[in-house]
Amino acid sequence: MQNASYSGKKRNPRETACTECQKRKQKCKAGNRENGPCYWCARRYPPVEVNTSQIGEANNSQAAHDTLQLPIQQHETSNPSHDDPHPAHFYLPTKKPCTIQLNHTFGTTLLTSANATTPFPIPPSRQNCELFHFFHQYVIPTLCSIDSSPSPANESRIVPWMMNSSLMPKIALLASVGARSQMQGVLEPARCPDALVIKGNVLSLLNRLLKENEGLENAMHAVSHLVHLEWYWGEWNSMWAHMRGLKEMLRLSGGMGRIRDETLRWQLILTDYELACCFDQDLFLQQPQTYEHKAQPLPVPYPEVFNSPLLEFSTPFIEIRETWSLSLTAAEILDEVRAITVSILSSSFPDFDMSAKEIRTKAKDIHVRILSKQQLAIEGNIPQTESELITSTITEAALAYTTSISTLTPLSSTTPPSHFSSLITQQAFYTTLWSVPLSRWKEMPGIFLWILLVACPSSGNNPHGRYLKRKMTVAALGMAVEDFDLVRACLNGFWRVGVWVRDAGGVGGEEVASGDGVFEL
């Protein structure tokens, strides 16, 4: 019989708790919640919708459903019609809801298939299955296509090769955790607890592979992916540590030419060139003196769609501009950029009679002409149409490029001469660049790659810069699938222009200038 005077704590008949806590029979720490998740719900993956109800009234129907939703923070650019389906730009946060469907059943099928080919199987937990589905649904498209749309040619070659590594299923989980964190607005995705746990496990397994006689190429395969993940996440110290590991593994295996996996070989070559171009430095995995004064062989003729101002071509841009619906101004600028690039790349030939001073003067003249065109174009007119935005982006990239050459200022420099248009660091450039639909840039990958190569060295270690670098590597990869020699020639040409600027300007040594400081290798 109850005592009417009992003063013990009674449950409030209207006490509320998160529905997820009720379903899991957990004591809801709602006292820590202010219009947000409680202590437990804030730690759940996938993130759950925060709903409260009176205790005992939780609806269990959603928990029994196989398809879950991952809420992410939506971001937008200045152009609301941007066609990239994945909000990874990290510009202006909005409150617009956006979700990605995570299918546990489909993820289980994918993970089971991956586990059948690796000696390091992944436990088929619900979280791992959903992360693996997220990798196939979101991460792979963003790695294989500029606009993240399906790319059968790229995926048919890249995806099977990626998954051929025994460690790739675990690296896929790591990539998914990082991408998920970035989409939720986390600035340091590599530091989140899930990523640290998975990366620690991957590195432990790498050590096991390196102790095996036949595990060297398998290890290089895995480390090449880790290099790109750390680069995309801004963990540059870790990235260079992986690069030093790759260099040592290459030495132990007998050099680049002794790698049996052709795809791995060109992946390492592209990565080496991309980092050299981005950080304005010498090649790291290859011998730089072998390529400083050597043009890469070009397939002749190569497709017009891959035409780039970094490559010689029999037909000028102005005659084939209708291929991409370029304006006359944009085509003229691209031809001017090609002319100065070819002059620099030809300067090492014995019969070339143009001095460094004459090349700089030529670059300055081109810069002045481009600047006058820009001033005429923007008088009372802000770029609005797609063609105007493309022309404006090409113009800004060309101004930075010619400034670098005429003043012998590396593109990574943070202190450009004041009497020239500053190197690309402005928010306005990013706004113009990403206001053009990515599907449009995908139609002109050679031009797009050159623009990103110009912008990357000064982009810094920030969300804008990381996104820029990721798109640069994706553009190069897409071209490499079609013609590896062609994209290597593009990267080699841009890198050699940077070497010419550093050598002619007296910039050298092992220090790598960047937008956020100096790295010593």
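Predicted model: local features only at pLDDT ≥ 70, side-chain atom pairs only at ≥ 80, totals over all residues.
Mentor: Residues are numbered from 1 along each chain as its sequence is written, and side-chain values use heavy atoms, with hydrogens and water left out.

Trainee: How should I read the way helix α17 and helix α19 cross?

Mentor: Two packed helices are described by the angle between their axes and the distance between the axes. Helices (H or I, at least four residues) are DSSP runs numbered from the N terminus, and axes are lines fitted to C-alpha atoms over the stretch in contact, with angles running from 0 to 180 degrees between N-to-C directions. Here the axes of α17 (residues 445-455) and α19 (residues 484-504) come within 11 Å and cross at roughly 35°. The crossing is right-handed, meaning that the near helix is turned clockwise from the far one by less than a right angle.

Trainee: Which residues make the contact?

Mentor: From α17 come Leu-449, Leu-453 and Val-454, and from α19 come Val-487, Cys-490, Leu-491 and Phe-494. By class, these are seven nonpolar residues, with no polar and no charged ones, where Ala, Val, Leu, Ile, Met, Phe, Trp, Tyr, Cys and Pro count as nonpolar, Asp, Glu, Lys and Arg as charged, and the others, Gly among them, as polar.

Trainee: How many cavities are there, and what lines the largest cavity?

Mentor: Rolling a probe the size of a water molecule over the atoms shows where empty space is left. On a 1 Å grid over the protein atoms alone, a cavity is a set of points where a 1.4 Å probe fits but cannot get out, and lining residues have an atom within 4 Å of a point. Grid points are joined across faces, edges and corners, and a volume is the space filled by probe spheres set on the points. The count comes to five cavities of 30 Å³ or more, and the largest has a volume of about 490 Å³. Of its 33 lining residues, the closest to the centre are Leu-143, Met-162, His-228, Leu-229 and Tyr-232.

Definitions and conventions. Helix = DSSP H or I, 4+ residues; strand = E, 2+ residues; numbered from the N terminus. Contact = heavy atoms within 4.5 Å. 1 Å grid on protein atoms, 1.4 Å probe; cavity = no way out; pocket = protein on both sides within 12 Å on 5 of 7 lines; lining within 4 Å.
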